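Trainee: I am new to this structure. Please take me through one part of it closely.

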Amino acid sequence: MLLVADIGNTQTHLGVYDGKDLVLSWRLSTRATDTADELLISLRTLLANDLEPLLIHAVAVASVVPALSGEWRVAAQKLSGSEPLLLTHETAVGFSCSYATPEEIGADRIADALAAVEFYGAPVIVVDFGTATNMEVINKEGAFVGGIIAPGLVTSTNALFDAAARLPRIDIETPPQVIGISTKTAVQSGLTYGEIDRIDGLVRRVFDELGYEAPVIATGGLSRRVLKLSQTITDVNDNLTLEGLRLAYERALL
């Protein structure tokens with residue numbers, strides 16, 4: 001079985017594949033100080049609850065946390081007994097890119113692009129809701145041409161509360177109307193509707209620059225919260241990054 005790991009700044013999304021089937025998945029908090037031994041213990045404990053750890057024969061990793069990339073490489077090698085795939089623009093077979101500096105593209109963005117083209121065709125746009133809200137743009141020819149990186153919803157929320165001492169911390173929820181009738185609903189409106197309108201506005205600008213429209217796929221922990229509100233997002237795939245890692249591993253074997 002294949003273990004895939006999407007290591008983000010805030011969360012780590014793990015999945016176990018049996019062939020093409022995702023049989024297990026977890027979302028955990030990312031700890032940038034973890035050592036390889038600590039990661040290995042955590043993985044073995046986690047897997048032991050649902051699966052015999054010895055069944056993991058390979059690991060594919062997408063990391064945007066440089067301090068953890070090497071630690072994950074060591075932990076993955078010890079867990080599976082084989083060298084893991086560390087996803088980059090150089091190891092991603094079939095990743096077409098016209099980006100000026102491909103070495104700067106985050107591994108999660110590469111995984112998203114691989115999976116999006118595989119499942120939705122080209123052109124396609126991915127909106128990945130994480131610590132940052134990433135938008136990946138793939139043109140008609142299937143090439144990654146660039147994208148947009150903005151503060152994520154939780155990041156914006158924390159920044160607002162840290163900077164405005166009088167604002168109470170509240171849960172991120174969508175109020176029933178745009179005009180807030182209390183401080184709480186006013187803040188919720190600004191955060192949720194503001195995020196959606198920013199995304200829809202950017203997507204429309206991307207369409208204008210491309211000269212054509214494309215499916216827009218949302219992924220990431222907060223993606224389902226915005227689907228009903230957005231006017232441009234056409235589908236949600238919570239496991240898009242994991243699927244991209246699986247594809248990258250399978251293609252590396254060919």
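Trainee: How many nonpolar, polar and charged residues does the lining of the largest cavity have?

Mentor: The model is predicted, so keep that in mind throughout. The lining of the largest cavity has five nonpolar residues, one polar and one charged. Its residues are Thr133, Met135, Ile148, Ala150, Arg198, Ile199 and Leu202. Thr133 is the polar one and Arg198 the charged one. The space inside is about 30 Å³. The count of cavities of 30 Å³ or more comes to one.

Now see which elements build the lining. β7, β8 and α5 each give two or more residues to the largest cavity. Helix α5 gives the most, with three.

Step back to the sheet. It is open and has five strands, in the order β8-β7-β6-β9-β10, with mixed pairing. Its edge strands are β8 (144-151) and β10 (235-236), and each pairs on one side only. Helix α5 (residues 183-210) packs on this sheet. The helix touches β6, β7 (132-138), β8 and β9. Its direction makes about 20 degrees with that of β7.

Look next at β6 (residues 124-129) and β9 (residues 216-220). They pair in the parallel sense over five bridges. Val127 stands opposite Ala218 in β9.

Finish with the largest pocket, whose volume is about 660 Å³. Its lining counts 30 residues, and the closest to the centre are Gly8, Phe129, Gly130, Thr131 and Ala132. β6, β7 and β9 are among the elements that each supply at least two lining residues. By class, this lining has nine nonpolar, 14 polar and seven charged residues.

Conventions
Residues numbered from 1 in each chain as written. Predicted model: local features only at pLDDT ≥ 70, side-chain atom pairs only at ≥ 80, totals over all residues. Heavy atoms only, no water. Pairing = 2+ DSSP bridges. Helix = DSSP H or I, 4+ residues; strand = E, 2+ residues; numbered from the N terminus. Contact = heavy atoms within 4.5 Å. Axes fitted to C-alpha atoms, helices over the stretch in contact; angles between N-to-C directions. 1 Å grid on protein atoms, 1.4 Å probe; cavity = no way out; pocket = protein on both sides within 12 Å on 5 of 7 lines; lining within 4 Å. Points joined across faces, edges and corners; volume = space filled by probe spheres on them.
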